[in-house]
Amino acid sequence: MKLVVFLASLLLASLAAMPAFSFAQSTVTQPQSASAPKPEDTEVWSPEPAIVTPGATCGAAPSDAILLFAGKNLDEWVSAQDHSPAQWIVADGAMTVSKSAGNIETKRKFKNYQLHLEWRIPENITGSGQARGNSGVFLASTGPGDAGYELQVLDSYNNKTYVNGQAASIYKQSPPLVNANRKPGEWQTYDVVWIAPTFNSDGSLQTPAYVTAFFNGVLVQDHFELKGETRYIGKPFYKAFDGAPIKLQAHGDKSEPISFRNIWVRDLP
């Protein structure tokens, strides 16, 4: 009997303690900030972004762009082989590849930039696969020939080839997300953001190159990380450089030569 009375007393004591514990818990308050948050706490007013006047129409160069080709001359371009004056054909506001003259590249060197470029496959194009309107935009030219980082140009409208070699691919590295080609004879557009690789003092890679590209207004490369220079044969690799020209390819296939127009670039930080 004494044991039962003891256990009952213990239970009553426990129940009596619970409200006190709950009350003690409820009296704990959280520390308050010195003042209530205000909208202006997260407003940034300076420095103000520079004012850039956009082009009057879609694709027109903005006020801070460098005009690389405006339809009149090749003053901004040289032969990629020996840096002599570029010898492609300028007529009717466009420049057309001269396959015998070879690749051309900009006189200026660039690091990070935004590029706009328009190109056209001839309406009477012949050939198939890689031998049909082949060219390329080398976002960084690191030497003569096809050395560098290539965004492929090709007639990929009803023309089958390996997908990492079709139009808007990062050649042999990244197929385009979609095929946004127009028909031969129609002008097509590339809008590209190029982030150049950086290198340590010993020539080793510090940060890789990245490409974002729109093809006829459609996203085709989404901040793609390059594995190195684009190569026809073999694995890609990086080699150190500090700024590079933009190069256009005069491919040796036998199809009719393609044309370019309205090329401009904006330096980026």
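**Reading salt bridges in a predicted model**

User: Is arginine 261 buried, partly exposed or exposed?

Analyst: Arginine 261 counts as partly exposed, because its relative accessibility is 30% (buried is under 20% relative accessible area, exposed over 50%, partly exposed in between; 1.4 Å probe, protein chains only). This is a predicted model, where local features need pLDDT of at least 70, side-chain atom pairs count only at pLDDT 80 or more, and totals for chains, interfaces and linings use all residues. Residues are numbered from 1 along each chain as its sequence is written, and side-chain values use heavy atoms, without hydrogens and water.

User: Which residue forms a salt bridge with arginine 261?

Analyst: Side chains of opposite charge can pair when their charged atoms come close. Here the partner is glutamate 118, with the closest N and O atoms 2.7 Å apart (the cut-off is a Lys or Arg side-chain nitrogen within 4 Å of an Asp or Glu carboxyl oxygen). Glutamate 118 sits in strand E6 and arginine 261 in strand E15 (residues 259–267), so the pair ties together parts 143 residues apart in sequence (strands are DSSP runs of at least two residues, E, numbered from the N terminus). Glutamate 118 is buried, at 8% relative accessible area.

User: How many salt bridges does the structure hold?

Analyst: There are 6. One of them joins arginine 108 and glutamate 76 at 3.0 Å, N to O. Arginine 108 lies in the loop between strands E5 and E6, glutamate 76 in the loop between E1 and E2, 32 residues apart. Arginine 108 is partly exposed at 37%, whereas glutamate 76 is buried at 19%.

User: Where does arginine 132 pair with aspartate 155?

Analyst: Their side chains meet at 2.6 Å, N to O. Arginine 132 is in the loop between E6 and E7, aspartate 155 in the loop between E8 and E9. Both residues are buried.

Conventions
Helix = DSSP H or I, 4+ residues; strand = E, 2+ residues; numbered from the N terminus.
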